[in-house]
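Biologist: I would like to go through this model feature by feature. Please give the general idea each time, then the case at hand.

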Amino acid sequence: MARLGLISLLVLFHVVYMVGKADSTPPRHASSTNFIKASCRATQYPALCVQCLAGYARSIRRSPRQLAQTALTVSLARVRKAEAFVAKLTKVRGIEPREYGAVKDCIENMGDSVDRLGQSVRELGHTGRAFGQEFTWHMSNVQTWVSAALTDETTCLDGFSGRFMDGNIKNAIRRRVNNVAQVTSNALALVNSFAAKHRAAPAAKEH
């Protein structure tokens, strides 16, 4: 009986220990989320960065390349939605000729941004097995195209400058495009961060 009681006590201690260990062990994606939060500090809009990427923690894990790839993919999706939103504004009743022209120019800018971000997503995918000059060439393309996409997005608003363009259409486009530009800006920062870390890794191995 004494022996049975001792065994029962040991089993109880083991169960308590395992429950406590389970409670103290963070979920598998917790470290990935922390990685995303830490990486987003390098961006101009860190809160927005985390908001956009936290939902992809399981696929990003702790990979700077996957983080940059996901950021670009999210940016591309946002721009596509913004392009569709702006296109609908051409059918608004009572739109002024100047507003219509500015909206059409904005649609073209957003289309260019979509093309460049799409190129960037594909080009970044080629860096998986690239090293040295080949990696630098691919990353240079990505950085150039994302920068150009950001310029396209901000250029969209140029056509709405001046008081005579003030109104609901301008305000609606400005809100949507500013958000898209911030997401793309964050993506560019993460791309630059990935490129810098990749170049630093071989240098560290040499020392």
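Modeller: Two points come before the features. This is a predicted model, in which local features need pLDDT of at least 70 and side-chain atom pairs count only at pLDDT 80 or more, while totals for chains, interfaces and linings use all residues. Residues are numbered from 1 along each chain as its sequence is written, and side-chain values use heavy atoms, with hydrogens and water left out.

Biologist: How many disulfides does a search of the whole structure find?

Modeller: In general, a disulfide is a covalent bond between the sulfur atoms of two cysteines. Here the criterion is a pair of cysteine sulfur atoms within 2.5 Å. The search of the whole structure gives two. One is formed by Cys 40 and Cys 49, with their sulfur atoms 2.0 Å apart. The other joins Cys 106 to Cys 156, with an S to S distance of 1.7 Å.

Biologist: Which parts of the chain does the pair of Cys 106 and Cys 156 link?

Modeller: Distant ones: Cys 106 is in helix α6, and Cys 156 is in the loop between α7 (132–155) and α8 (168–206), 50 residues apart. Helices here are DSSP runs of H or I with at least four residues, numbered from the N terminus.

Biologist: What is the handedness of the link between Cys 40 and Cys 49?

Modeller: That link is left-handed, with -65 degrees about the S-S bond. The link of Cys 106 and Cys 156 is left-handed too, at -70 degrees. With the bonded cysteines numbered in sequence order, the pairing reads 1-2, 3-4. Cys 52 is in no disulfide, and the nearest cysteine sulfur, that of Cys 49, is 7.3 Å away.

Biologist: Is Cys 52 buried or exposed?

Modeller: Buried means under 20% relative accessible area, exposed means over 50%, and partly exposed is in between, with a 1.4 Å probe and protein chains only. Cys 52 counts as buried because its relative accessibility is 11%. Cys 106 has 0% and counts as buried, as does Cys 156 at 2%.

Biologist: Which side chains meet in a salt bridge?

Modeller: Side chains of opposite charge can pair when their charged atoms come close. The rule asks for a side-chain nitrogen of Lys or Arg within 4 Å of a carboxyl oxygen of Asp or Glu. By this rule the count is one. The side chains are those of Arg 116 and Asp 152, at 2.4 Å from N to O. Arg 116 lies in helix α6 and Asp 152 in helix α7, so the pair ties together parts 36 residues apart in sequence. Arg 116 is partly exposed at 28%, whereas Asp 152 is buried at 9%.

Biologist: Which residues is Asn 109 in contact with, leaving aside neighbours within four places in sequence?

Modeller: Contact means heavy atoms within 4.5 Å. Asn 109 is in contact with Asp 152, Thr 155 and Cys 156. Asn 109 is found in helix α6 (residues 97–125) and is buried, with a relative accessible area of 14%.

Biologist: Where does Leu 67 lie?

Modeller: Leu 67 is in helix α5 (residues 64–88) and is buried, at 4% relative accessible area. Not counting residues up to four places away in sequence, Leu 67 touches Phe 35, Ile 36, Ser 39, Leu 53, Ile 60 and Leu 190. Leu 67 and Ile 36 are 31 residues apart in sequence, with 7.6 Å from C-alpha to C-alpha.

Definitions and conventions:
Helices (H or I, at least four residues) and strands (E, at least two) are DSSP runs, numbered from the N terminus.
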